[in-house]
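Here is a friendly note to read alongside the model. Keep the 3D view open and look up each residue as you go.

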Amino acid sequence: MKLLAFGILQAAAMLALAPLLRGAMKKMKAAFQSRQGPPLLQGYYDLAKLLRKETVRSDVSCWVFVAGPRVYFATAVAATALVPVALAGAPLEDAGGILMLVGLLALGRFALAAAALDTGSPFGGMGSSREMTVAALAEPALMLGLFTVALWGGSLDLGDLVRATVQRGLSAHPSDLLAAAALFIVLIAEAGRVPVDNPATHLELTMIHEAMVLEYSGVDLALIEWASALKELLFMTVLVNLFMPLGLAQVMHVPLVVVAVFLYLAKVFLLSVGVTVVEVTNAKLRLFRVPELMAASLGLGFLALAIRFL
Amino acid sequence: MSVPAAWLPTALALRLGSIALALAFAGRPRVSRWSALAGSCLASLVTGMLAVHVLATGQTIQGELLRHQASGFSLGFAVDRLSAWFLIVLELLAAAIAVYSVAYLGHGTLHRRSPFVSIGFSLLVGTVEMVFVADGVIAFLFAWELMALVNAALVTTEHERRETRRAAFLYLAMSHVATGCLIAGFLLVARAASSLSFAHVLAGNVLAPGPGRTAAFLLFFAGFGVKAGMIPLHVWLPEAHPAAPTSISALMSGVVIKTGVYGLFRTCAFGLGPPPLSWGVLILLCGGASAILGVLYALVQHDLKRLLAYHSIENIGIILLGLGAGMMALSAGRAELAAVGIAASLFHVLNHALFKGLLFLSAGGVVSATGTRQIENMGGLARRMPWTALFFLVGAAAISGLPLLNGFVSEWLLFQGFLFGFHLNSEALVRFLFPVAAALLALTSALAAACFVKAFGITFLALPRAEGAENAHESPALMLVPQGILAGMCVLLGLAPGWTLRILQGVAGSLPGIHPAPEMVRAWYAIAPGPGHFDHLAPPLVAVAVVVGVALAAALSLLAGYAVRRAPTWGCGGELTARTEYTATAFSKPLMMIFRAVYRPTRNVEMVGEAHFPREVRYRAEIEPTFERYLYGPLTRGVLALAERMKVIQAGSLHAYLAYVIVLVLSLVLLLWWRG
């Protein structure tokens, strides 16, 4: 029962936080570019507006088109229960670790990419193809980076892993630094940020994720947007908690948890500053240059592995 | 003879009786088909019961099918846990396909040939059973060869087409090379054991470590590798599997290639004594190459059945990755880690049979409804064939290794086989190779997901791209029910992995040197790689979380009022037709460009008409068949050149042949005299 409450609370908190993170990153990006940018809470306004809007669906589409966003949303929500956020433990950590987390997100992507082909619009197909391509290239880099960290921690269970790192403290071992760099690159790809993808563009030459969801509107689009923001927050959470686990509450003690939540917010904010800096200082890569970036990430992963275990 | 031991001969009698009946009614395809397939289905159930009995009690069931008193020659069978596991996999799929085939073989041009295909199917199932239960070299090779011949005959069902005949010939040629290797391998071990019974030949203590043992390993590895479709011995598979009628393709891809895996388990891994590290490394490397190249080649296929055939190579690769990891762990003295790899490999044998069988059956329905195998001519089938679409989607998600389905469980277990207790590995090679192989596995399953988004999306979604797809109708219930059962099993095994893994603990534990940790199964729904907290998997809990997520999404939709309007898709100002849809070629193009080192694509654009105002643009893109061209091309040419030379001694003159015989006999006599 306690676990259930913990899970629901954590999922709700993450869902509530995700649009804010996107808003903050937009605001920072605008500040870097000497613009004013949209309000900090724009993410919530957008969601509220989309939820009120009528949902238009293509008349050639079938149930797959309806199921896509729902599965995408549901897998992202379920994934929050597998990740330690402010506590050194996850509500559903007994149900699966890193592999389940990556698998769940892959399931959501699979559903959305299949649904994108359902309207007959060439944009959907293009986005779906590119999304699956980038995901396929990011997957081995992601796994190798995570495995390097996990094997050193002696567990593939995120809860155990985080607890082990809390006990060991912050590490500046070259292997950890390289793995962190590798996973940072994967984060940029998975979150669809420049230089891999540009969340602000609607130009057919450059769109990846946006092309895939171009035909969606209303509630369907709200679910996709929300889930994407949640997914980005999840990746950031995993990254900060794997490499900077300091301050995570190890027991359910209110003052400790409050401190942990604040520390967690600060760490995620710092990471989002990093992502934004990368976004404003880089141009978007051509699609066929993305593999080089992913290969770089994979190479860093190999190095991290070799340094630790050879 | 104990009671369960009588079940196998009973099943065989049932099978042969129904085949005889089918032959008698060969003039009436419907009756003949029903007889052969119903007999096959029943025989499968009886044999399946035997396998369940063996797995439940753990005792080996032995018996004889035939004994010749005077010579002492007998064909015997022995069903131990390993055999029983493969038998279960076979019978599950064979029973489903038999039901499906009753309806499937009745349509169109196949109807006339359905007695042939049905009888062939039943025979094929019977011979595969014999391969799995044979207790000696003679029985095994006899069944093995019979299986290859029946299979080749079935591939030629549509013999009017040139490529079908070519595929069957290629299959036969490679099968015989494989059988040659196996005979040589078995002769090596049988001679050392002075016996032909598997109990002695494959006891593991026959050959001492040395060149002889390595030679036996390599012969078995090549022989069984061909049958399994392992790269680089795979070239027959993508030709032969699509050429056969779908019922047969499903059985070939689902089970028949597993006879190669079974052989590798029996001989290479556990029949020749403790394997040295290099054997495991070889199997791991071949498995890795098969997995990644199989899925890459599958990505650029637009013939639905060919695409599925290439995925069989990929999945055989995954199975071999598990076996290789297990063997490497075994030689590094890590019995509990070896058990994880072996269990993953065996689990994937079952899972692949389920989802690949399912995908082939769905594809068969699609192909017979649309009259084409090209997915570029399909589309819009989800509205016309909703059940087939649903079942194909389940199979597609399962083969992509997505959670809550069975493919994820075996791949998860395989990841554990690479990573569990990793720091305890003494060999630096193992320590580096295992995480790299795990990353390779991740790439493979991500590429498989990309491929199946394409295969499902282009086939079933959006607008129909050709008339055949426009006028398609749902398959009859008799074809849908087996698909539903297979899809249900994919879900069930994905949600409740504990049951299967408990059985696999027994199977793996019966193999020499393998000791599965009892902690692998925590409950019917929860599994782990071993003791401790390394990792665990409880899919039902995650499924509940996903259901909560879906409920939340539904609640949001309801709360928002949920007004839905249907409108045509925006076609950028033009009319949206099937011609403007994204194609399968376009879908896989980015990956083809990225992996062009593998594909080496050639592209040919031709303009027809005046220079700047072409009337027509012809576009042709091809990928280079690397193995066919650079490995098998020179090999074939070499064999043909050799045959040309050999023609000199085979001139067709009877006198010359008689002279050869005399020379041979004389030299044998001389040899004996000299040695005696």
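Predicted model: local features only at pLDDT ≥ 70, side-chain atom pairs only at ≥ 80, totals over all residues.

1. Every value below was computed from its atoms.

2. Let's begin with aromatic rings. Over all chains, the structure holds 33 aromatic pairs. One of them joins Phe265(B) and Phe270(B), whose ring centres are 6.1 Å apart with 25° between the planes. Why is this pair called stacked? Planes under 30 degrees apart count as stacked, and 25° falls under that limit. Both partners are hidden away: Phe265(B) is buried at 0% relative accessible area, and Phe270(B) is buried too, at 8%.

3. Now compare a second pair, Tyr657(B) and Tyr660(B). Their ring centres are 6.1 Å apart and their planes meet at 40°, so this pair is tilted. These two tyrosines are partly exposed, with relative accessibility of 30% for Tyr657(B) and 39% for Tyr660(B). Both belong to helix H26 of chain B, where they sit three residues apart, about one turn of the helix. An α-helix has 3.6 residues a turn, so residues three or four places apart point the same way.

4. Stay with H26(B) for a moment, as its length can be checked. How many of its 22 residues are buried? The count is zero, and the helix is hardly covered.

5. Some rings gather in groups. Phe140(B), Trp144(B), Phe186(B), Phe198(B), Phe220(B) and Phe224(B) make up one aromatic cluster.

6. In soluble globular proteins, nonpolar side chains tend to be buried together. The largest nonpolar core here has 335 residues, and those touching the most other members include Phe140(B), Phe265(B) and Phe418(B). Which helix gives the most to this core? Helix H18 of chain B does, with 21 residues. Beyond its close sequence neighbours, within four places, Phe418(B) is in contact with residues including Leu284(B), Leu321(B) and Phe434(B). Another core lies apart from the largest one; its six residues include Phe6(A), Ala86(A), Ala249(A) and Ala260(A).

7. What about the cysteines? A disulfide is a covalent bond between the sulfur atoms of two cysteines. A search over all chains finds zero disulfides. Take Cys268(B): the closest cysteine sulfur, in Cys286(B), is 11 Å away, which is too far for a bond. Cys268(B) is buried, at 0% relative accessibility. Cys451(B) is in no disulfide either, with the nearest cysteine sulfur, that of Cys490(B), 17 Å away. Its relative accessible area is 0%, so Cys451(B) is buried.

8. Finally, visit Thr55(A), which is found in strand E1 (residues 55-58) of chain A. Is Thr55(A) buried or exposed? Thr55(A) is buried, with 0% relative accessible area. Leaving aside neighbours within four places in sequence, its contacts in chain A are Ser217(A), Gly218(A), Val219(A) and Asp220(A). Thr55(A) also touches chain B, through Ala563(B), Val564(B) and Arg565(B). Pro199(A) is 144 residues away from Thr55(A) in sequence, and their C-alpha atoms are 22 Å apart in space.

Note on methods. Residues numbered from 1 in each chain as written. Chains lettered and ligands numbered in written order. Heavy atoms only, no water. Phe/Tyr/Trp six-rings, centres within 6.5 Å; stacked < 30°, edge-to-face > 60°. Buried < 20%, exposed > 50% of the residue type's maximum accessible area, 1.4 Å probe, protein only. Helix = DSSP H or I, 4+ residues; strand = E, 2+ residues; numbered from the N terminus. Core = buried A, V, L, I, M, F, W, Y, C linked by side-chain atoms within 4.5 Å. Contact = heavy atoms within 4.5 Å. Disulfide = S-S within 2.5 Å.
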